[in-house]
Amino acid sequence: DTERLAEHINRILNLAKIETKTYGGDFVTADLVQTVQQFYQHNSHLFRNCDIRIHDPGGQAFLYPINQPLFEMLVMNLLNNAIKYNDSEQPGIDIRFLRMKNKLHIRFEDNGIGIEKEDIKKIFRKFYQAGAGRPESLLPKGCGLGLYLVQNIARMHKGKVIAANRPEGGGVFTLILPAPRV
């Protein structure tokens, strides 16, 4: 359909800009908790059927230099994937912020179908789509660029994203950023 084609074209254009380091915008120090909360508030209409919970770490600020449009693209892709690979009656996503040693962790935990063990490291490759052995309704509907974009955006922010399965079912994607020097 036209909407999905436009989304694919937009991803490819953004990817080209990111790979050639011509994606504009400045890095500004922002509170990541507040940034994610505002992103969700402005885009909640896209996630009407979902139960998205943003866990505030006790009013503690998570200050980090970000390129706001790129960071929001990363969040959007992770939320979209959590919804796309979910066969629950109501997709649920918990977003948690943690300080671990000298790192900031943002965990996107979902109640979806999880990730096949053999796909965990491959899903960040360009054009890779997980899905072998999945029900027809949960086969990839994208072009295999979403998580590749996520990983590249994380690298532009001096971080990385890792994937795992939750013991109780579902997947978890963790954005790991170095703690900023104060």
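So, surface first: this protein exposes about 10,100 Å², and carbon and sulfur atoms supply 51% of that. Those accessible areas come from the Shrake-Rupley method with a 1.4 Å probe, and for residues only the protein chains shown count as cover. Before going on, a word on the source: this is a predicted model, so local features need pLDDT of at least 70, side-chain atom pairs count only at pLDDT 80 or more, and totals for chains, interfaces and linings use all residues. Residues are numbered from 1 along each chain as its sequence is written, and side-chain values use heavy atoms, with hydrogens and water left out.

Okay, burial. Of the 182 residues, 45% count as buried. Buried here means under 20% relative accessible area, exposed means over 50%, and partly exposed is in between, with a 1.4 Å probe and protein chains only.

Now the fold. We have four helices and seven strands, and reading along the sequence you get α-β-α-β-β-α-β-β-α-β-β. Helices (H or I, at least four residues) and strands (E, at least two) are DSSP runs, numbered from the N terminus. Contacts also reach across the sequence: among those with a separation of 6 or more, residues 24 or more positions apart account for 69%. A contact means heavy atoms within 4.5 Å.

Let's look at the sheet. Five strands make an open, mixed sheet, in the order β2-β4-β5-β7-β6. Which strands stand at the edges? Those are β2, residues 51-55, and β6, residues 160-165; each has a single partner strand, so one side of each is left without a neighbour in the sheet. On average, neighbouring strands here are turned by 20° against each other, direction ignored. When I say two strands pair, I mean DSSP finds at least two bridges between them.

β6 and β7, residues 171-178, pair in the antiparallel sense over six bridges.

Next up, helix α4, which covers residues 146-156. Nine of its 11 residues are buried, so α4 is largely enclosed by the rest of the structure. Among the buried ones are L147, Y148, L149 and V150. G146 is in this helix too, and it counts as buried because its relative accessibility is 9%.

Rings now. A search of the whole structure turns up three aromatic pairs. To count, rings of Phe, Tyr and Trp (its six-membered ring) need centres within 6.5 Å; planes under 30 degrees apart are stacked, over 60 edge-to-face, and the rest tilted. One of the pairs is F124 with F173, edge-to-face, at 6.2 Å centre to centre and 80° between the planes. This pair links distant parts of the chain: F124 is in the loop between β5 and α4, F173 is in strand β7, and they are 49 residues apart. Buried or exposed, F124? F124 is buried, at 12% relative accessible area, and F173 is buried at 9%.

There's a charge over a ring as well: R99 lies over the face of F62, 4.5 Å from the ring centre. The rule is NZ of Lys or CZ of Arg within 6 Å of the ring centre and within 35 degrees of the ring normal.

Last, some loop residues. Most residues other than glycine have a negative phi. K101, in the loop between β4 and β5, has a positive phi near 55°, and K101 is exposed at 87%. K158, in the loop between α4 and β6, has a positive phi near 65°, and K158 is exposed at 67%.

And one more loop: R48 sits between α2 (32-43) and β2. R48 counts as exposed, at 68% relative accessibility. The C-alpha atoms of R48 and Q90 are separated by 9.8 Å, with the two residues 42 apart along the chain.

Note on methods
Axes are lines fitted to C-alpha atoms, for helices over the stretch in contact, and angles run from 0 to 180 degrees between N-to-C directions.
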